[in-house]
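Here's a quick briefing on the model below. Have a look at the fold first, then read on for the numbers behind it.

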Amino acid sequence: MNKKKDSFIVNRIKSVGFAFKGAYLLMTTEASLKVQFTIGILITVLGFYVGLSATEWCIQILVIAMIMAIEGVNTAIEEIADFIHPEHHPKIGLIKDLAAGAVFIVAIAAIVIGSIIYIPKIF
């Protein structure tokens, strides 16, 4: 029995639906992403208060998105690692540490970028 293949448009709509589902799951189940989202909201409010330029807004939005996206990738790596090897294993620990290190690097960059943008506006 041949199953009819969905059209390109239908497949794209399904893909967007899966992406929304993934974003929703991240936002509702991952504590670190909830914290990062809250910080993003607070920084956005501060951006309105200090009057960011269009360029500063673009940079800020990009940085917030990068942090949240890399946290999503980190979560996916952790989930895959736990699925493959649920018990503690040194290699799985290394993989998780490397993924967490990537989040840390982006977070440090975000702090530096935020300082460059906000320190002159606040002080």
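In this predicted model, 65% of the protein chain's contacts with a separation of 6 or more are between residues 24 or more positions apart; a contact here means heavy atoms within 4.5 Å. Local features need pLDDT of at least 70 and side-chain atom pairs count only at pLDDT 80 or more, while totals for chains, interfaces and linings use all residues. Numbering starts from 1 along each chain as its sequence is written, and side-chain values use heavy atoms, with hydrogens and water left out.

**Fold and overall shape**
- The protein chain has four helices and zero strands, going by DSSP runs (H or I of at least four residues for helices, E of at least two for strands) numbered from the N terminus.
- Its radius of gyration is 19 Å, well over the 14 Å that the globule rule gives for 123 residues, so the chain is more spread out than a compact globule.
- That radius is taken over C-alpha atoms, and the rule is 2.2 Å times the number of residues to the power 0.38.
- Along the principal axes, the C-alpha atoms fill a box of roughly 70 × 45 × 20 Å.

**Surface and burial**
- Buried residues make up 20% of the 123 residues, where buried is under 20% relative accessible area, exposed is over 50% and partly exposed is in between (1.4 Å probe, protein chains only).
- The protein chain's accessible surface comes to about 9,200 Å², and 75% of that belongs to carbon and sulfur atoms; the areas come from the Shrake-Rupley method with a 1.4 Å probe, and for residues only the protein chains shown count as cover.

**Helix 4**
- Val-112 sits in helix 4 (residues 90-122).
- Val-112 is partly exposed, at a relative accessible area of 44%.
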